[in-house]
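I opened this entry to log what I looked up, item by item. The notes follow the order in which I checked things.

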Amino acid sequence: MKKNLHQRISVCIALAVFLGLVSAKAGDLKVGAAAVNLVADDSMVIAGSILPKTAKGQEGELRAIAVVIEKPGGAKVGMVACDVLFLPRTLVDPALVEIEKTTGIPGDQILVNCTHTHHAPCTGTVHGYENDEVFEARVRQGIVKAVQEANAELDKGGEASADFF
(Lines give C-alpha, C1' and ligand atoms only; values in the text may rest on other atoms or scores of the structure.)
Protein backbone atom coordinates (compact mmCIF):
# COMPACT_ATOMS: atom_id res chain seq x y z
CA MET A 1 0.00 0.00 0.00
CA LYS A 2 2.85 2.38 0.87
CA LYS A 3 4.53 1.70 -2.50
CA ASN A 4 1.28 2.62 -4.27
CA LEU A 5 1.14 5.94 -2.39
CA HIS A 6 4.77 6.68 -3.30
CA GLN A 7 4.06 5.93 -6.95
CA ARG A 8 1.06 8.29 -6.93
CA ILE A 9 3.12 11.02 -5.28
CA SER A 10 5.89 10.59 -7.86
CA VAL A 11 3.40 10.88 -10.70
CA CYS A 12 1.84 14.02 -9.17
CA ILE A 13 5.22 15.71 -8.75
CA ALA A 14 6.24 14.83 -12.29
CA LEU A 15 2.91 16.10 -13.62
CA ALA A 16 3.19 19.38 -11.71
CA VAL A 17 6.71 20.01 -12.99
CA PHE A 18 5.76 18.98 -16.54
CA LEU A 19 2.73 21.28 -16.60
CA GLY A 20 4.77 24.19 -15.32
CA LEU A 21 2.87 24.46 -12.05
CA VAL A 22 6.27 24.53 -10.43
CA SER A 23 9.75 24.73 -11.90
CA ALA A 24 12.37 23.11 -9.77
CA LYS A 25 15.81 21.67 -9.33
CA ALA A 26 16.69 18.91 -6.90
CA GLY A 27 16.23 20.16 -3.35
CA ASP A 28 14.20 23.15 -4.53
CA LEU A 29 10.76 21.86 -3.50
CA LYS A 30 8.94 21.01 -0.32
CA VAL A 31 6.41 18.20 -0.74
CA GLY A 32 3.83 16.90 1.70
CA ALA A 33 1.51 13.94 1.18
CA ALA A 34 -1.35 12.37 3.09
CA ALA A 35 -4.10 9.80 2.62
CA VAL A 36 -7.49 9.71 4.33
CA ASN A 37 -9.82 6.72 4.28
CA LEU A 38 -13.32 7.27 2.91
CA VAL A 39 -15.67 5.04 4.89
CA ALA A 40 -18.52 3.31 3.08
CA ASP A 41 -21.04 0.81 4.41
CA ASP A 42 -23.16 -1.98 2.95
CA SER A 43 -26.33 0.15 2.81
CA MET A 44 -24.84 2.59 0.28
CA VAL A 45 -25.66 2.26 -3.43
CA ILE A 46 -22.50 1.62 -5.45
CA ALA A 47 -21.98 3.92 -8.45
CA GLY A 48 -21.03 2.53 -11.82
CA SER A 49 -23.80 0.11 -12.63
CA ILE A 50 -26.88 0.74 -14.74
CA LEU A 51 -29.15 -0.46 -11.93
CA PRO A 52 -28.76 0.44 -8.25
CA LYS A 53 -26.74 -2.21 -6.38
CA THR A 54 -25.15 -2.51 -2.98
CA ALA A 55 -22.06 -4.44 -1.94
CA LYS A 56 -21.41 -6.74 0.98
CA GLY A 57 -18.16 -5.85 2.62
CA GLN A 58 -15.30 -3.94 1.13
CA GLU A 59 -12.33 -5.52 -0.64
CA GLY A 60 -10.00 -2.52 -0.49
CA GLU A 61 -9.74 0.95 0.94
CA LEU A 62 -11.38 3.98 -0.63
CA ARG A 63 -9.20 7.03 -0.06
CA ALA A 64 -8.59 10.68 -0.75
CA ILE A 65 -4.85 11.10 -1.36
CA ALA A 66 -3.36 14.60 -1.41
CA VAL A 67 -0.01 16.05 -2.37
CA VAL A 68 0.94 19.65 -1.64
CA ILE A 69 3.98 21.10 -3.38
CA GLU A 70 5.67 24.34 -2.39
CA LYS A 71 8.57 26.15 -3.94
CA PRO A 72 10.03 28.14 -1.04
CA GLY A 73 9.16 31.78 -1.53
CA GLY A 74 6.51 30.81 -4.08
CA ALA A 75 2.97 29.56 -4.16
CA LYS A 76 1.68 26.18 -3.06
CA VAL A 77 -0.24 23.82 -5.31
CA GLY A 78 -2.27 20.83 -4.27
CA MET A 79 -3.52 17.70 -5.99
CA VAL A 80 -6.11 15.29 -4.62
CA ALA A 81 -7.10 11.90 -6.02
CA CYS A 82 -10.38 10.44 -4.75
CA ASP A 83 -11.45 6.82 -5.07
CA VAL A 84 -14.91 7.60 -6.47
CA LEU A 85 -16.59 7.45 -9.88
CA PHE A 86 -16.95 11.22 -10.25
CA LEU A 87 -17.34 14.40 -8.18
CA PRO A 88 -19.78 17.22 -8.93
CA ARG A 89 -18.78 20.85 -8.40
CA THR A 90 -21.42 21.08 -5.66
CA LEU A 91 -19.26 18.74 -3.60
CA VAL A 92 -15.79 19.99 -4.60
CA ASP A 93 -16.32 23.76 -4.38
CA PRO A 94 -17.20 23.84 -0.64
CA ALA A 95 -14.16 21.64 0.05
CA LEU A 96 -11.92 24.09 -1.82
CA VAL A 97 -13.33 27.02 0.18
CA GLU A 98 -12.59 25.20 3.44
CA ILE A 99 -9.09 24.28 2.26
CA GLU A 100 -8.34 27.91 1.39
CA LYS A 101 -9.62 29.07 4.81
CA THR A 102 -7.58 26.53 6.76
CA THR A 103 -4.36 26.27 4.72
CA GLY A 104 -4.15 29.47 2.69
CA ILE A 105 -3.85 27.49 -0.54
CA PRO A 106 -6.15 29.16 -3.11
CA GLY A 107 -8.88 26.90 -4.47
CA ASP A 108 -7.75 27.59 -8.03
CA GLN A 109 -4.35 26.10 -7.14
CA ILE A 110 -5.82 22.70 -6.25
CA LEU A 111 -6.58 19.92 -8.72
CA VAL A 112 -9.18 17.37 -7.58
CA ASN A 113 -9.58 14.24 -9.67
CA CYS A 114 -11.21 10.84 -9.41
CA THR A 115 -9.90 7.34 -9.98
CA HIS A 116 -13.27 6.57 -11.62
CA THR A 117 -13.77 3.42 -9.58
CA HIS A 118 -17.04 1.59 -10.06
CA HIS A 119 -16.76 0.22 -6.51
CA ALA A 120 -17.58 3.26 -4.36
CA PRO A 121 -20.89 4.74 -3.25
CA CYS A 122 -22.59 7.25 -5.53
CA THR A 123 -21.53 10.91 -5.31
CA GLY A 124 -24.08 12.25 -7.77
CA THR A 125 -27.25 11.35 -9.61
CA VAL A 126 -26.52 8.80 -12.30
CA HIS A 127 -28.65 6.21 -14.14
CA GLY A 128 -31.74 7.21 -12.17
CA TYR A 129 -30.39 6.64 -8.66
CA GLU A 130 -29.37 9.37 -6.28
CA ASN A 131 -26.20 10.40 -4.53
CA ASP A 132 -25.54 9.19 -0.99
CA GLU A 133 -25.43 12.35 1.14
CA VAL A 134 -23.63 10.64 4.03
CA PHE A 135 -20.86 9.37 1.74
CA GLU A 136 -20.67 12.74 -0.05
CA ALA A 137 -20.08 14.46 3.30
CA ARG A 138 -17.34 11.92 4.08
CA VAL A 139 -15.68 12.55 0.72
CA ARG A 140 -15.84 16.34 1.14
CA GLN A 141 -14.34 16.04 4.65
CA GLY A 142 -11.74 13.57 3.34
CA ILE A 143 -10.61 15.97 0.59
CA VAL A 144 -10.19 18.79 3.12
CA LYS A 145 -8.44 16.63 5.72
CA ALA A 146 -6.05 15.08 3.18
CA VAL A 147 -4.93 18.51 1.93
CA GLN A 148 -4.64 19.87 5.47
CA GLU A 149 -2.48 16.91 6.51
CA ALA A 150 -0.34 17.09 3.36
CA ASN A 151 0.14 20.81 3.94
CA ALA A 152 1.22 20.14 7.54
CA GLU A 153 3.81 17.65 6.23
CA LEU A 154 5.60 20.48 4.38
CA ASP A 155 6.98 21.83 7.64
CA LYS A 156 8.31 18.53 8.95
CA GLY A 157 11.38 18.75 6.73
CA GLY A 158 11.97 15.03 6.59
CA GLU A 159 14.01 13.26 3.97
CA ALA A 160 12.10 11.99 0.97
CA SER A 161 12.82 10.39 -2.34
CA ALA A 162 10.84 9.87 -5.49
CA ASP A 163 11.30 7.50 -8.37
CA PHE A 164 10.23 8.69 -11.80
CA PHE A 165 9.32 5.93 -14.22
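I count a contact when heavy atoms lie within 4.5 Å. On that basis, residues 24 or more positions apart account for 76% of the contacts in the chain with a separation of 6 or more. The model is predicted.

**Entry 1: layout.** I listed the elements. The chain has three helices and four strands. From the N terminus on, I read the order as α-β-β-β-α-β-α. I then checked burial. Of the 165 residues in the chain, 38% are buried.

**Entry 2: nonpolar cores.** Which residues touch the most other members of the largest nonpolar core? I found Val 80, Leu 87, Val 139 and Ile 143, in a core of 28 residues. I then traced where its members come from. Strand 1 (30-37), strand 2 (63-70), strand 3 (76-82), helix 2 (89-103) and helix 3 each supply at least two residues. Helix 3 gives the most, with seven residues.

I looked up the contacts of Leu 87, leaving out residues up to four places away in sequence. Leu 87 touches Cys 82, Val 92, Val 112, Cys 114, Thr 123, Val 139 and Ile 143.

**Entry 3: cysteines.** How many disulfides does a search of the whole structure find? I got zero. I took Cys 114 as a case. The closest cysteine sulfur to its own is in Cys 82, at 5.8 Å. A disulfide needs the two sulfur atoms within 2.5 Å, so that pair is too far apart for a bond. Cys 114 is partly exposed, at 27% relative accessible area. Cys 122 is buried, at 1%.

**Entry 4: Asp 132.** I went to the loop between strand 4 and helix 3, where Asp 132 is found. Asp 132 is buried yet has no salt bridge. Where is the nearest side chain of opposite charge? I found it in Arg 138, 6.6 Å away. A salt bridge needs a distance within 4 Å. The side chain of Asp 132 does reach the backbone nitrogen of Phe 135, at 2.9 Å. Leaving aside neighbours within four places in sequence, I found Asp 132 in contact with Met 44 and Cys 122.

Entry 5: I checked backbone angles next. His 116 lies in the loop between strand 4 (110-114) and helix 3 (133-153). Its phi is near 65°, a positive value in a residue other than glycine. Most residues other than glycine have a negative phi. His 116 is partly exposed, at 46% relative accessible area. Thr 117 is found in the loop between strand 4 and helix 3. Thr 117 counts as buried, at 17% relative accessibility. I listed its contacts beyond four places in sequence: Asp 83, Val 84 and Leu 85.

**Entry 6: His 119.** Is His 119 buried or exposed? I found it exposed, with a relative accessible area of 63%. His 119 lies in the loop between strand 4 and helix 3. Not counting residues up to four places away in sequence, His 119 touches Ile 46, Ala 47 and Leu 62. I also took one C-alpha distance. His 119 and Ala 55 are 64 residues apart along the chain, and their C-alpha atoms are separated by 8.4 Å.

How values were computed: Residues are numbered from 1 along each chain as its sequence is written. This is a predicted model: local features need pLDDT of at least 70, side-chain atom pairs count only at pLDDT 80 or more; totals for chains, interfaces and linings use all residues. Side-chain values use heavy atoms; hydrogens and water are left out. Buried means under 20% relative accessible area, exposed over 50%, partly exposed in between (1.4 Å probe, protein chains only). A nonpolar core is a set of buried Ala, Val, Leu, Ile, Met, Phe, Trp, Tyr and Cys residues joined through side-chain atoms within 4.5 Å. Lys and Arg count as positive and Asp and Glu as negative; His and the chain ends are not counted. A polar contact is a pair of N or O atoms within 3.5 Å; within protein, one must be able to donate a hydrogen and the other to accept it, and residues adjacent in sequence count only if both atoms are side-chain atoms.
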